[in-house]
Amino acid sequence: MSGLYKFAVIGGSQAYDLLSRGAIQGKRLGERKTPFGPSQPIYLLAVDIPKEETEGAYKIPSPLPALSEAEGMREGRVGVNPPPPTQKMAGFQPTPSRQGRGIFKVEFFFLSRHGERGYEVSAPFVNYRANIYALKDMGVNKILAWSGPGAINPRYKVGQFVVVDDLIDETWNRESTFFEKGGLGFIRQNPVFCPSLRNLMVEVLKGQGLNFSDKGVYVCTQGPRLETPAEIKKFASYGGDLVGMTLVPEVFLARELEMCYAALCYVSNYAEGVVKSGVAPPPFKAGELFEGLSSQEDKVAVAQAVSQFPAIIQEIARRLHMESSDIVAGAVAPPGISKTPLTQSTDSIKCPCQSSMERYRREGRIGEDWRKWIKR
Ligand SMILES: [Zn+2]
């Protein structure tokens with residue numbers, strides 16, 4: 001498996017809109033079969049990197065092998081359905097005029113958690129285990145997930161990005177571990193989210209001039225219903241800043257399979273009972289999004305935030321690739337690249353994610369093949 005495939009994005013609410021509008025396009029590889037059932041369909045996206053950014057001290061990877069149905073996607077224990085023949089690479093692909101003139105592609109995976117065409121699967125019924133297993137099985141070791149929670153803490157603005165740093169699990173009855181048998185999974189959860197990937201997100205958001213907060217405690221509720229006013233008061237009383245329904249168990253499952261995972265949230269609305277000072281709570285409006293909890297102004301701010309995702313994930317994929325090239329070459333950035341400093345992001349910050357199971361390995365309870373950790 002090429003190192004270029006190690007990054008994946010799990011799209012949250014409205015990822016399906018970006019897919020159906022063509023704002024996110026790629027080669028549709030299809031669902032991947034896993035011991036937990038099929039994953040959501042996986043797409044292969046690509047981002048262009050001008051060759052000059054990879055020259056000098058950087059190692060230029062050989063061109064990507066064609067990800068053929070025969071080799072790429074059928075390797076390993078489970079397979080992916082072949083992509084429909086009509087769907088071709090587009091979107092993040094280099095334009096024909098630029099191809100062959102010092103541009104190459106960095107590829108990464110994308111899946112839409114709630115479905116491809118709309119909100120087809122609500123949060124409690126997402127097959128989180130299949131999605132995470134499938135990405136791991138395809139060689140992914142870094143996941144950026146996105147989610148559009150409501151704000152409990154009124155200091156956030158609707159449409160603002162939040163690189164959340166902690167989490168409270170209020171879900172119940174979800175399949176929240178790969179290790180149903182065998183006693184594995186007693187893993188520390190601090191930091192909850194990958195600190196190096198979080199740091200990279202912060203740099204990218206800063207670089208793109210976007211309004212964001214680098215802190216936030218995400219309360220994950222069971223759903224699909226929204227929360228009651230008293231529940232929001234309770235979450236606020238114990239330090240919750242945002243309320244959503246999707247990061248659990250995803251984040252914990254990624255940790256069990258030693259993958260880096262960080263979440264980029266955008267604030268969708270103010271949670272029930274949270275009002276800006278001097279503003280009356282929005283009335284119940286039948287037929288509207290969240291029955292009126294989301295105002296017209298909120299919808300505009302949210303659409304604006306969501307429209308930034310293609311550029312954000314593209315830049316993160318690019319930066320991750322540049323860093324991995326840096327490591328391969330064991331070199332420092334050449335002068336021409338100093339405008340996008342590579343320091344201080346993913347690899348210069350200690351990240352515990354990819355050794356979370358080390359204790360079990362040392363005890364001889366698990367081997368290197370992660371598939372065998374899972375008894376099913
Ligand atoms: Zn990590």
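User: Why is Glu291 called partly exposed?

Analyst: Glu291 has 13 other C-beta atoms within 10 Å. A residue with 12 or fewer would be exposed and one with 20 or more would be buried, so a count in between is called partly exposed. Bear in mind that this is a predicted model.

User: Where does Glu291 lie?

Analyst: Glu291 sits in the loop that links β13 and α6. Its phi is positive, about 50°, although Glu291 is not a glycine. Most residues other than glycine have a negative phi.

User: What makes α5 largely enclosed by the rest of the structure?

Analyst: Run the burial test on the helix: 10 of the 10 residues of α5 come out as buried, so the rest of the structure largely encloses this helix. Being buried takes 20 or more other C-beta atoms within 10 Å, and residues that pass include Leu247, Val251, Phe252, Arg255 and Glu256.

User: Which peptide bond at Pro249 is cis, and how do you know?

Analyst: The bond joining Val248 and Pro249 is cis, with omega at about 5°. Pro249 lies in helix α5, which covers residues 247-256. Another cis peptide bond joins Gly223 and Pro224, where omega is about 0°. Pro224 is in a loop, between β10 (217-221) and α4 (229-237). For background, most peptide bonds are trans.

User: What follows α5?

Analyst: Glu258 follows α5, and its phi is positive, near 60°.

User: What makes β12 mostly covered?

Analyst: 7 of the 7 residues of β12 are buried. Both faces are covered. Cys260, Ala262, Leu264 and Tyr266 are on one side, while Tyr261, Ala263 and Cys265 are on the other.

User: How do you know that β5 and β12 pair, and which way do they run?

Analyst: Two strands pair if there are at least two bridges between them. β5 and β12 are joined by 6 bridges and run parallel, which puts this pair past the cut-off. Leu144, for one, has Ala262 in β12 as its bridge partner. β7 also passes, pairing with β12 over 3 bridges, but in the antiparallel sense. There, Val163 stands opposite Leu264.

User: What makes the pairing of the open sheet mixed?

Analyst: The open sheet has 8 strands in the order β2-β3-β4-β1-β5-β12-β7-β9. Strands of a sheet can pair either parallel or antiparallel. Here β5 and β12 are parallel while β7 and β12 are antiparallel, and the pairing is mixed. Strands β1 (residues 7-11) and β4 (residues 103-112) are another parallel pair, joined by 4 bridges, with Phe109 in β4 as the bridge partner of Ala8.

User: What makes β2 and β9 edge strands?

Analyst: Each of them pairs on one side only: β2 at 27-30 and β9 at 212-213.

User: Which helix lies across β5, β7, β9 and β12?

Analyst: Helix α3 (residues 195-207) lies across these strands, running at about 40° to β12.

Conventions
Residues are numbered from 1 along each chain as its sequence is written. This is a predicted model: local features need pLDDT of at least 70, side-chain atom pairs count only at pLDDT 80 or more; totals for chains, interfaces and linings use all residues. Helices (H or I, at least four residues) and strands (E, at least two) are DSSP runs, numbered from the N terminus. Two residues are in contact if their C-beta atoms, placed from the backbone, lie within 7 Å. Axes are lines fitted to C-alpha atoms, for helices over the stretch in contact, and angles run from 0 to 180 degrees between N-to-C directions.
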